[in-house]
Amino acid sequence: MRTSMTSVCVFCGSRNGGNPAYLRDAETIGRAIAENGWRLVYGAGDVGLMGAVANAAQSGGADIFGVIPVHLMQREVGKADVTRFVVTENMHERKKVMFMNSDVIVVLPGGAGSLDEFFEVLTWRQLGLHDKPIFVLNTDGYWDPLAQLMSRITTEGFVDASIHDFFQLVSDPATLIEKIKSI
């Protein structure tokens, strides 16, 4: 049983995407982080799903640890009114700081940046560099193509089938929240 605050790292889009369910689920996750007394660790932007998660968590009184690279301060509208706001030199440092300050990784819908973040923490897990849970919220089947790709690279022999043990696709926020509570 964990005795300190659980820190939930959320990787997600800096845009809302085309399906209103993405925004709804991002806000639900943000509220749940606050309601459960968890800390949000995220990319420190105030736009897209990233901003939605943060604003929902902040409205609920959550502790928020935001990390943003200097070159994205304007583009992602750096949200400096959080509990802790860290500005890094580059994207790699951002991911590292976010990862090092979290207990669990959650990936919501997003684009190339979210995929980069997912694959980096997945690769670190595959290499035995950590054992943090990685959850992928598959809102309305958004990540189904990712699941298909992971199956394909396994069947083609590029990774061992154990890769599937290192992350979990979760279909809805309620299930995701229960999984986080159980760690």
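Helices (H or I, at least four residues) and strands (E, at least two) are DSSP runs, numbered from the N terminus. The structure is a predicted model, in which local features need pLDDT of at least 70 and side-chain atom pairs count only at pLDDT 80 or more, while totals for chains, interfaces and linings use all residues. Residues are numbered from 1 along each chain as its sequence is written, and side-chain values use heavy atoms, with hydrogens and water left out.

Just after helix H2, Gly 61 adopts a positive phi of about 90 degrees. H2 itself covers residues 48–59, and its end C-alpha atoms lie 17 Å apart, which agrees with the 16 Å that twelve residues should span at 1.5 Å a residue (1.5 Å times one less than the number of residues). Nine of the twelve residues of H2 are buried (under 20% relative accessible area, 1.4 Å probe, protein chains only). Among them are Leu 49, Met 50 and Val 53. The buried residues pack against strands E1 (7–11), E2 (39–42) and E3 (63–69) and against helices H1 (20–35) and H3 (contact: heavy atoms within 4.5 Å).

Helix H3 (residues 91–100) also packs with helix H4 (residues 112–126), at an angle of about 60 degrees and with the axes 11 Å apart; axes are lines fitted to C-alpha atoms over the stretch in contact, and angles run from 0 to 180 degrees between N-to-C directions. The two helices are therefore oblique to each other, the class left after angles under 35 (roughly parallel), over 145 (roughly antiparallel) and 65 to 115 degrees (roughly perpendicular). In this contact, His 92, Lys 95, Lys 96 and Phe 99 of H3 meet Asp 116, Glu 117, Glu 120, Val 121 and Trp 124 of H4.

Key:
Buried < 20%, exposed > 50% of the residue type's maximum accessible area, 1.4 Å probe, protein only.
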